[in-house]
Amino acid sequence: WAPLCHSPHPAFNRGARRGVGLWVPLDAEATSHGDPVRRAIDVLGPLGLVALFAALAAWSWGKWTDVQIDFGTELYLPWRISLGDALYRDLASRNGPLSHHLNALWFLLFGVSLRTLVFANLAILAAISAMTWAIFRSACGAATATGVCAVLLTVFGFSQYVAIGNYNYVTPYQHAQTHGLALSIAMLLALARYLRSRRLGWMALAGACLGLVLLTKAEIAVAAVSAAVVGGVCVGVSEPRDPKRWAKLALAFAGAACVPPLLAFAWLAACMPPDMARVGVLGNWAYLDVDLVRDHFYVHGAGFDRLGANLARALGMGLAIGALPAAAWAVERTAPPGRWRTPAALVAAGLGYGILAAPGVVPWLQVPRGLPVTTLAIGTAVASICWQRRGDREAVAQWGPLVLWSVFALVLLGKMILRARIHQYGFALAMPATLLLVAALVRLLPAWSRARLRGGLFSLALGLAGVAAGVGFYLQRSNDFYAHKDFAVGSGGDRLLVEPAPVNARGPRVAETLARLGEVAPVGSSLLVLPEGLILNYWLRLENPARYGLFLPTEIAAAGGGVAMLDDVRAAAPDTIVLMHRDLAEFGTPAFGKALSSGLEIFEWVQAHYERTLLIGPPPFGDSFGIEILRRRAGSGGPSSGLD
């Protein structure tokens, strides 16, 4: 188990001798850069991750995407941009401009298809894994970095834990989320490289990455800016007191960070009014206001709707996670030394895994609620070590990146702070905090135990058992969804697999809708899907004539109400309208068309000016999934006549 507690930096070993609290092998052979064990792990670890990446991709191939929710927008907008439409002017969006334009570039270079984005996103996931490996290897050694990245791939990379299949890195519900995360990790790695080399170029690269993050999503940007500020503190305490040097560093970072937003503004302002370009560059920052604290979607997602109960759960689960190493420390403190410890630790690992992996013993979906507590505790401990050794450049270079990672992980949890979860949005927001916890369980806590208690084996054994049991649970949950996905929707590069009708009727009914629309909506006609379903436009390559493509409560509120959206729809005069069932319970509103907050004005106008031509399944907006195809009512005076 020595490689798990091994650091490649001599400064770490000196720190262990001075009693900083963490332990690594101190003999010359183990700490030598020529150590054959370490060399083997440096090679075999990444090779193992490549094999795992390929196996997980093959296991889940084509099964990631949802047939209706979210990802249709991620396909439709880049397709229209690649044809010359302007984001924000012609296509409404509340996120920054980076992701949709990048995906439009992939379409222009490699062709318009779902497969194009899949391969682009697989490359981004591989880059995220490589950068994460580099950061954790520097601080914790190659073996721990390999284990951390294995958890990244198995639990987050290719997963599905809820009925909606867009919460993974291959077909994310919003590319701004994964692109922002990848760029943030690139910024952390660049700062880590600067702390090691003190080269100005790394600082400029970190600033450029932050500037690109600002063009994605606000919650990612806040976490990245927070980590960058703490990175500046790490640089300040480890640099000589040279005001000119500090000014040069600040200028390099801030100057590089300003370039991407300025270029984006200039690009957008060339084809739309400056005010619209400014709002586009701001992304969802422009929609953050006081009403957000009353929005059911965000309040419930963050856990503030039941403040006391959710706070108690978060603290309780954090303490429950801490009980695992605490139990190991109790054994190591009281047990006598001897050779029996190694086989006993192996037995403890087996028993621990058997108990933790047993069905119903651990509420694994609730365990992530403790991540804010564990992230704060681990980050505080690592920051304390870094501060104690602030005069040692090598020590700051080793521990500084973990401090930055901890800050980034903790702030990123803010959107779900009292209801942290790995499923749903947690695939991105909870990923850094989870990986930090894994590194603590298999590296930092055993090392502390070795330094203080002359132990470490039991801490490592139970840490590995807990991680393995959690990974096994989440893999099995994904497999429960993927095992049923054998019904194909779409064709060629746009083909995806979903559940058949006996399991879930959505996929087959969407497939039937595609076939029927191909008959009643000729090429060149226009199609509007309410309240959500741009993926139909993409599959059929039919334009949505309205500026808006989503008619969900959050989008209606951001647009200034349903009347503003109705004016846009009335002017667009779509040839065909599809009403596709969409559950709006997560927004705390009635079904589409049942209230002003859920598009009542739009629904009434559609009913007055369009008539049903086909019903697939039950009527939409009831208790189950159904789709209704509408054509413009003959003799109604046309869509431009408006409401009576």
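Helices (H or I, at least four residues) and strands (E, at least two) are DSSP runs, numbered from the N terminus. The model is predicted: local features need pLDDT of at least 70, side-chain atom pairs count only at pLDDT 80 or more, and totals for chains, interfaces and linings use all residues. Residues are numbered from 1 along each chain as its sequence is written, and side-chain values use heavy atoms, with hydrogens and water left out.

**View 1. A nonpolar surface patch that includes L288.** V222, L282, W285 and L288 make a nonpolar surface patch of about 320 Å². Patches consist of residues with over 30% relative accessible area and no salt bridge, like charges being joined within 9 Å and nonpolar side chains (Val, Leu, Ile, Met, Phe, Trp, Tyr) within 5 Å. Accessible areas come from the Shrake-Rupley method with a 1.4 Å probe, and for residues only the protein chains shown count as cover. L288 is placed in the loop between α12 (274-282) and α13 (296-302). Its relative accessibility is 40%, so L288 counts as partly exposed; buried means under 20% relative accessible area, exposed over 50%, and partly exposed in between (1.4 Å probe, protein chains only).

**View 2. Helix α8 and the residue that follows.** Helix α8 comprises 23 residues (residues 175-197), which should span 33 Å at 1.5 Å a residue. The expected span is 1.5 Å times one less than the number of residues in the helix. The end C-alpha atoms of α8 are 32 Å apart, in agreement with the expectation. Of the 23 residues of α8, 20 are buried, so that the helix is mostly covered. R198 follows α8 and has a positive phi, near 60 degrees.

**View 3. Cysteines without a disulfide.** A disulfide is a pair of cysteine sulfur atoms within 2.5 Å, and by this rule the count is zero. C234 is in no disulfide, the nearest cysteine sulfur being that of C386, 4.7 Å away. C234 counts as buried because its relative accessibility is 5%. C140, at 0% relative accessibility, also counts as buried.

**View 4. The salt bridge between D42 and R137.** A salt bridge is a side-chain nitrogen of Lys or Arg within 4 Å of a carboxyl oxygen of Asp or Glu; a search of the whole structure finds 19 of them. D42 belongs to helix α3 (residues 36-60) and R137 to helix α6 (residues 114-140), so the pair ties together parts that are 95 residues apart in sequence. D42 has 22% relative accessibility and counts as partly exposed, whereas R137, at 19%, counts as buried.

**View 5. The salt bridge between K415 and E219.** The side chains of K415 and E219 meet at 3.2 Å, N to O. K415 is in the loop between α17 (393-412) and α18 (426-429), and E219 is in helix α10 (residues 218-238), so this pair links parts that are 196 residues apart in sequence. K415 counts as partly exposed at 23% relative accessibility, and E219 counts as buried at 16%.

**View 6. The salt bridge between E628 and R612.** The side chains of E628 and R612 meet in a salt bridge (2.9 Å, N to O). E628 lies in strand β6 and R612 in strand β5, so the pair ties together parts that are 16 residues apart in sequence. E628 is buried, with a relative accessible area of 9%, whereas R612 counts as partly exposed at 46% relative accessibility.

**View 7. The polar contact of E555 with R94.** E555 is part of helix α23 (residues 553-558) and is buried, with a relative accessible area of 18%. Its side chain makes a polar contact with the side chain of R94 (3.1 Å). A polar contact is a pair of N or O atoms within 3.5 Å; within protein, one must be able to donate a hydrogen and the other to accept it, and residues adjacent in sequence count only if both atoms are side-chain atoms.

**View 8. Backbone geometry at P531, Y88 and F621.** L530 and P531 are joined by a cis peptide bond, with omega about -5 degrees. P531 is found in the loop between β3 (527-530) and α22 (534-540). Y88, a residue other than glycine, has a positive phi near 80 degrees; Y88 is located in the loop between α4 (71-82) and α5 (98-110) and is buried, with a relative accessible area of 4%. Phi of F621 is also positive, near 70 degrees. F621 is in the loop between β5 (610-616) and β6 (627-632) and is buried, with a relative accessible area of 9%.
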